[in-house]
Amino acid sequence: MNVTALARPEIIALRSYKPTKSHGEVIRLNANEAPAALENGAANGINRYPLPRATALSEKMAVLYGVSADNVVVTRGSSEGIDLLIRSFCSAGRDEVLITPPAFEMYSVYASIQGAKTVEVPLQADANFALDIELLLDSCSDQTKLIFLCSPNNPVGTIIPEEKIVELLQARANKSIVVVDEAYIEFSDEESMSRLVSTFDNLVVLRTLSKAFALAGARCGAVIAAPAVAELLNRVLAPYALSSLVIDKAEAALSSSNLGEVYRSIATIIAERKRLNETLAANPGIEKIWPSAANFLFLRIAKFETVLAQLEAENIAVRTYLNDPVLRACIRLTVGSKNDNNRLIRALR
């Protein structure tokens, strides 16, 4: 069975938009563009639409992630990849999306927008938020089309062992797409699961340039999948999804001359994460710090309201989970600059 058979029938039958040729030595009178860029400081050529698909950027991202170009779908951040997957594989009122909270909220948000049911299999809070693979498999049904795993986890920062993900891929072969969200993988010691997309056609990996590449404002990510799945998602993805400015910025970020700076930045953040962890661990008001493989720390604190008031007074914003009974006394702290981290440490004293 081809795993794309799990997709919605209308998506399988969908014919992707085919724009007419408008690049190269062509007199472009077909796209209703302005004939020239205005002199307002905009980049040369901004008056023209970009290519319908960012082919050169796809190839650069494929090299970065160690896969083939036909495995890559470039998206507006990894969030768009989540939306594409749910719209492509889940029929409203029938299909299910399985998530493992605590997890990135957009999995359930996009499922709700599509009218898909969300099934929750909570991570084990008393075991460093480990994944109970048996409970997860028991919670699957014939309607479970997508299983979202976040590793490193957002918001906790912990890793799901690769062997558990492989076990899940094997158990749900031809039944479910297993989506591994690796938005923070660069800050860990783990190998990306993307190298296994040629082995498991039901594996999809989400990557982003927002975190390690410091391009959150550009909104650029990638879905890495088997070629058949990637081709299906490209049918659904809007043409001209990325602006020319974003494409140029992302290609520059992936250039060999810039990668050294990226890796130095990652090393600095990891060193600051270690320093922040060690310093905060000595604070008696902090009850627990979970092991983090991301660019943030997740901790439970005593006198929660008092601490939040102090941080607010110091103009320090942190992520809270006031509506979650399990995480209510916890906060997520991004590893910032050394100066910002020092201000946080002083405030928490």
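**Figure 1. A salt-bridge network in the predicted model.** Arg 28, Glu 33 and Arg 48 are joined to one another through a network of salt bridges. The structure shown here and in the other views is a predicted model. Over the whole structure, the search for salt bridges returns 17.

**Figure 2. Salt bridge between Arg 76 and Glu 80.** The two side chains form a salt bridge with an N to O distance of 2.4 Å. Glu 80 has a relative accessible area of 10% and is therefore buried, the cut-off being under 20%. Arg 76 counts as partly exposed because its relative accessibility is 37%.

**Figure 3. Salt bridge between Arg 275 and Glu 272 in helix α9.** The N to O distance of this salt bridge is 2.9 Å. Arg 275 and Glu 272 are 3 residues apart in helix α9, so about one helical turn separates them. Glu 272 is buried at 10% relative accessibility, whereas Arg 275, with a relative accessible area of 24%, is partly exposed.

**Figure 4. Surroundings of Arg 8.** Arg 8 belongs to the segment before α1 (9–12). A relative accessibility of 15% places Arg 8 among the buried residues. Glu 10 is the salt-bridge partner of Arg 8 in this view, with 3.0 Å between the closest N and O atoms. The side chains of Arg 8 and Glu 10 are also listed as a polar contact at 3.0 Å. Glu 10 is partly exposed, at 43% relative accessibility. When residues up to four places away in sequence are not counted, Arg 8 touches Arg 87, Ser 88, Phe 89, Cys 90, Ser 91 and Gln 114. Among these, Arg 87, Ser 88 and Phe 89 also take part in the contact of α3 with α7.

**Figure 5. Packing of helix α3 on helix α7.** On the α3 side, the residues in contact are Leu 84, Leu 85, Arg 87, Ser 88 and Phe 89. On the α7 side, they are Val 229, Leu 232, Leu 233 and Val 236. By residue class, the contact of α3 with α7 consists of 7 nonpolar, 1 polar and 1 charged.

Figure 6. The loop between α7 and α8 contains Tyr 240. Tyr 240 has a positive phi, near 55°, although the residue is not a glycine. The relative accessibility of Tyr 240 is 25%, so the residue counts as partly exposed. In helix α8 (residues 244–253), the buried residues are Ser 244, Val 246, Ile 247, Ala 250 and Ala 253. The partners against which the buried residues of α8 pack are α2 (55–65) and α9 (256–281).

Figure 7. Ser 188 sits in the loop between β5 (177–181) and β6 (203–208). With a relative accessible area of 12%, Ser 188 is buried. A polar atom of the Ser 188 side chain lies 2.9 Å from the backbone oxygen of Ile 185. The backbone nitrogen of Glu 190 is 3.1 Å from a polar side-chain atom of Ser 188. Apart from neighbours within four places in sequence, Ser 188 is in contact with Pro 152, Ile 159 and Ala 293. Pro 152 is part of the loop between β4 (144–150) and α6 (162–171). The peptide bond joining Ser 151 and Pro 152 is cis, with omega about 0°.

Figure 8. The bond from Pro 101 to Pro 102 is a cis peptide bond whose omega is near 5°. Pro 102 is located in the loop between β2 (96–99) and α4 (106–114). Ala 214 is placed in the loop between β6 and β7 (221–224). Phi of Ala 214 is positive, near 55°, in a residue other than glycine. Ala 214 is exposed, with a relative accessible area of 63%.

Conventions
Residues are numbered from 1 along each chain as its sequence is written. This is a predicted model: local features need pLDDT of at least 70, side-chain atom pairs count only at pLDDT 80 or more; totals for chains, interfaces and linings use all residues. Side-chain values use heavy atoms; hydrogens and water are left out. Contact means heavy atoms within 4.5 Å. Helices (H or I, at least four residues) and strands (E, at least two) are DSSP runs, numbered from the N terminus. Ala, Val, Leu, Ile, Met, Phe, Trp, Tyr, Cys and Pro count as nonpolar, Asp, Glu, Lys and Arg as charged, and the others, Gly among them, as polar. Buried means under 20% relative accessible area, exposed over 50%, partly exposed in between (1.4 Å probe, protein chains only). A polar contact is a pair of N or O atoms within 3.5 Å; within protein, one must be able to donate a hydrogen and the other to accept it, and residues adjacent in sequence count only if both atoms are side-chain atoms. A salt bridge is a side-chain nitrogen of Lys or Arg within 4 Å of a carboxyl oxygen of Asp or Glu.
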